[in-house]
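Trainee: I have a chain open on the screen and would like to go through it with you. Where do we begin?

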Amino acid sequence: MTAPTTDRLPLRKASWLAHPVLSVLLGASWLALSHSLEPVHLLSALLIGLIVPRLLHPFLAPADRIDWLAALRLGAVVIKDIVLSNITVARLVLGPMSTPQPAWLPVPLATDHPRVNALFATIITTTPGTVSCVVDEQRHEILVHALNCDDAQAMIDEMKNRYEAPLMQIFGQQARTGSAA
């Protein structure tokens, strides 16, 4: 009789700054909640930022290396797209334009990286006019509902080029073999 296998994270030695972004976010959140930059609050923020990630270390996946320049470029693209999409959706809903042509789009995923795929779905959802409904890991696709779609393949290609490709660059991922990247 064999022992059941468990899907546990591999044991790693805890370090004080294994998750620097989490540490900074926790410290900044503490300072924002305290509404103060008094020395006691700065010290508290420092301690929270160091101790909490260390205590959570067994439950956290290893931090990914991130290409910060690519992340900033993608952030600018997403903000611009959100603003322009808001204007487009407002014109579509409020204006005398023709009836919208909604569509369901199966967007193939080029990677199995969970953070890339989760962020890709999140960006699609935050851009007005589109909503990611399902991330289907078995089929390697995201099912997206578009409020107005004239050319489904062009819209899929645009999402992949504007969001997925930069996300893969940010996290240093290559396309999955056999994927429609």
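Mentor: With a definition. A salt bridge here is a side-chain nitrogen of Lys or Arg within 4 Å of a carboxyl oxygen of Asp or Glu. Keep in mind that this is a predicted model.

Trainee: At what N to O distance do the side chains of Lys160 and Glu164 meet?

Mentor: Take their positions before the distance. Lys160 and Glu164 both sit in helix α5, four residues apart, so about one helical turn separates them. Their side chains form a salt bridge, with an N to O distance of 2.3 Å.

Trainee: Is Glu164 buried or exposed?

Mentor: Use the cut-off: buried means under 20% relative accessible area. Lys160 has 7% and is buried. Glu164 has 2%, so Glu164 is buried.

Trainee: How many salt bridges does the count come to?

Mentor: Arg162 pairs with Asp81 at 2.7 Å, N to O. Glu141 pairs with Arg139 at 3.9 Å, N to O. The count comes to three.

Trainee: How far apart in sequence are the parts that Arg162 and Asp81 tie together?

Mentor: The side chains of Arg162 and Asp81 meet in a salt bridge. Arg162 lies in helix α5 and Asp81 in helix α3, so the pair ties together parts that lie 81 residues apart.

Trainee: What pattern does the chain follow along the sequence?

Mentor: The chain has five helices and three strands. Of its 181 residues, 27% count as buried. Read along the sequence, the pattern is α-α-α-β-α-β-β-α.

Trainee: Which residues lie nearest the centre of the largest pocket?

Mentor: This pocket holds about 560 Å³ of space. Helices α3 (68–94) and α5 (152–170) each supply at least two residues of its lining. The lining has eleven nonpolar, six polar and five charged residues. Of the 22 lining residues, those nearest the centre are Ser85, Pro128, Asn148, Met155 and Glu158.

Trainee: Which element gives the most to the lining of the second largest pocket?

Mentor: The second largest pocket has about 360 Å³ of space and 15 lining residues. By class, the lining has eleven nonpolar, one polar and three charged residues. With three residues, the element that gives the most is α1.

Trainee: Which residue has a positive phi of about 55 degrees although it is not a glycine?

Mentor: Most residues other than glycine have a negative phi. His140, in the loop between β2 (130–136) and β3 (141–146), has a positive phi near 60 degrees. The residue you want lies in the loop between α1 and α2 (39–56). With a positive phi of about 55 degrees, that residue is His35.

Conventions:
Residues are numbered from 1 along each chain as its sequence is written. This is a predicted model: local features need pLDDT of at least 70, side-chain atom pairs count only at pLDDT 80 or more; totals for chains, interfaces and linings use all residues. Side-chain values use heavy atoms; hydrogens and water are left out. On a 1 Å grid over the protein atoms alone, a cavity is a set of points where a 1.4 Å probe fits but cannot get out, and a pocket is an open set with protein on both sides within 12 Å along at least five of seven lines; lining residues have an atom within 4 Å of a point. Grid points are joined across faces, edges and corners, and a volume is the space filled by probe spheres set on the points. Ala, Val, Leu, Ile, Met, Phe, Trp, Tyr, Cys and Pro count as nonpolar, Asp, Glu, Lys and Arg as charged, and the others, Gly among them, as polar. Buried means under 20% relative accessible area, exposed over 50%, partly exposed in between (1.4 Å probe, protein chains only).
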